[in-house]
Amino acid sequence: METNLTFIPEKFDKISGLSTLHISYIFQNMIPLSLVDRQKLVSFDKSFAAKQTDSSMLTDDITHVAVGSSAEGLNIPNLTASTAEGLISLDLSDLDILLVMNQYKITFNESEQKFLRFYDAKDLLPGEYYALAETNDIHPGYVRLNRSNTKLLNEYQNRELLLLNFRMQHMERKEVFDVAEVNGPALTIPGNVSDSKINGKNIPVDKVLAMPCKEWPPTANPSLERFRDKGWLSEDLIQKIKDGGCHIVPVHHKAVDDKKCKYEWRISFATTECLIARTAMTDVQKQAYVAIKALYHQKLKKLEILSSYHMKTV
């Protein structure tokens, strides 16, 4: 490695005052390319594909989709912290899994409402499910799921009933019942009872029910235009993102009225984020994010102001 480096003033970062060459040098030594390169994703996909079952759900019509930092190749490597009590291992990696219920058919197109098939609301896991995702008079990024096939009657899916059924299915396993935690829409399975591993170590798993929607939400069209304006993503990738649609997950906005919260669902772009991270991010960008995320867990998390998701969005 060349060590006689010359810092050129024109290459200094205007905000930090540091040489960009100097920053790259630090990243290359702190976060080796082997922690973010393509081979890491290949190994993850191979390991995840071998565990595509979930006996705790009554239906077989469920697809497991890995999302989040581990699936994107952006998870933090095993770190060790020095404390007054000595060195301790920092468990900062987990695995996020969408349990995609393929019997659910969601549309944003109001003209399709008359073709929707109405079903019994008491059936929490129906053979087929159809609903119109309404985005009017609701928080941005959220929807109501109207099961009615006529505008004369609104019949909204109760988010809380679906969540309750989902949790009861998993709680049938005694080892999970004693230690599982509910975090928003996710059921968190601790690493000591999880069968998922990263770098040979069992890690916690967050499982989230999700309904697939093959359409791109009209309310998210401005994001596609921003992608084009910035010139960051190719037109082919933008089209692939649009064709991939989104998911609907059972979580409401924090500021929603108590009477309405059980009917509010969030639009999830987790698979879109995963596609962008795997396709459009350079190795250097990945190194920078992992370094910033490690800094967040060391210094910023305890302030309870920002989340690691803010770091990723920036």
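**Entry: salt bridges**

I ran the search over the whole structure and it returned 4 salt bridges. I note here that the model is a predicted one. Side chains of opposite charge can pair when their charged atoms come close.

I looked at R278 with D45. Their side chains meet in a salt bridge, 2.7 Å from N to O. The pair links distant parts of the chain, 233 residues apart. R278 sits in helix α8, and D45 sits in helix α2, residues 38-49.

How exposed are the two partners? I checked R278 and found a relative accessible area of 22%, so R278 is partly exposed. I checked D45 and found 30%, so D45 is partly exposed as well.

Is L41 buried or exposed? Its relative accessibility is 2%, and the cut-off for buried is under 20%. L41 therefore counts as buried.

I then took a distance across to α8. The C-alpha atoms of L41 and R278 are separated by 8.3 Å. Along the chain, L41 and R278 are 237 residues apart.

**Entry: the network around R228**

I moved to R228. Which residues are linked with R228 in a network of salt bridges? The network holds E225, R228 and E235.

The closest N and O atoms of R228 and E225 are 3.1 Å apart. Both residues are in helix α6, 3 residues apart, so about one helical turn separates them.

I then took the link to E235. The side chains of R228 and E235 meet in a salt bridge, with 3.1 Å from N to O. E235 is found in helix α7, residues 235-244.

I wrote down the exposure of each member. R228 has a relative accessible area of 31%, so R228 is partly exposed. E225 has 42%, so E225 is partly exposed. E235 has 43%, so E235 is partly exposed.

The C-alpha atoms of E235 and L224 are separated by 9.8 Å. E235 and L224 are 11 residues apart along the chain.

**Entry: the second largest pocket**

I turned to the empty space. Rolling a probe the size of a water molecule over the atoms shows where empty space is left. The second largest pocket contains about 930 Å³ of space.

How many residues line the second largest pocket, and which lie nearest its centre? I counted 25 lining residues. Nearest the centre are W232, I276, K312, T313 and V314.

I asked which helices supply the lining. At least two residues come from each of α6 (221-230), α8 (270-279), α9 (283-300) and α10 (308-313). Helix α6 is also the helix of R228 and E225, and α8 is the helix of R278.

I sorted the lining by class.

**Entry: the surface patch**

I searched the surface for nonpolar patches. L303, I305 and L306 form one, with about 310 Å² of accessible area together.

I looked up L306 separately. L306 is found in the loop between α9 and α10. Its relative accessibility is 39%, so L306 counts as partly exposed.

**Entry: positive phi**

I checked backbone angles away from glycine. E304 is not a glycine, yet its phi is positive, about 55 degrees. Where is E304? E304 is in the loop between α9 and α10, where L306 is also found. I read 71% relative accessibility for E304, so E304 counts as exposed.

I found another case at D137. D137 has a positive phi of about 55 degrees and is not a glycine. D137 is in the loop between β6 (129-134) and β7 (142-146). Its relative accessibility is 75%, and the cut-off for exposed is over 50%. D137 therefore counts as exposed.

Note on methods. Residues are numbered from 1 along each chain as its sequence is written. This is a predicted model: local features need pLDDT of at least 70, side-chain atom pairs count only at pLDDT 80 or more; totals for chains, interfaces and linings use all residues. Side-chain values use heavy atoms; hydrogens and water are left out. On a 1 Å grid over the protein atoms alone, a cavity is a set of points where a 1.4 Å probe fits but cannot get out, and a pocket is an open set with protein on both sides within 12 Å along at least five of seven lines; lining residues have an atom within 4 Å of a point. Grid points are joined across faces, edges and corners, and a volume is the space filled by probe spheres set on the points. Helices (H or I, at least four residues) and strands (E, at least two) are DSSP runs, numbered from the N terminus. Patches are made of residues with over 30% relative accessible area and no salt bridge: like charges are joined within 9 Å, nonpolar side chains (Val, Leu, Ile, Met, Phe, Trp, Tyr) within 5 Å. Accessible areas come from the Shrake-Rupley method with a 1.4 Å probe; for residues, only the protein chains shown count as cover. Buried means under 20% relative accessible area, exposed over 50%, partly exposed in between (1.4 Å probe, protein chains only).
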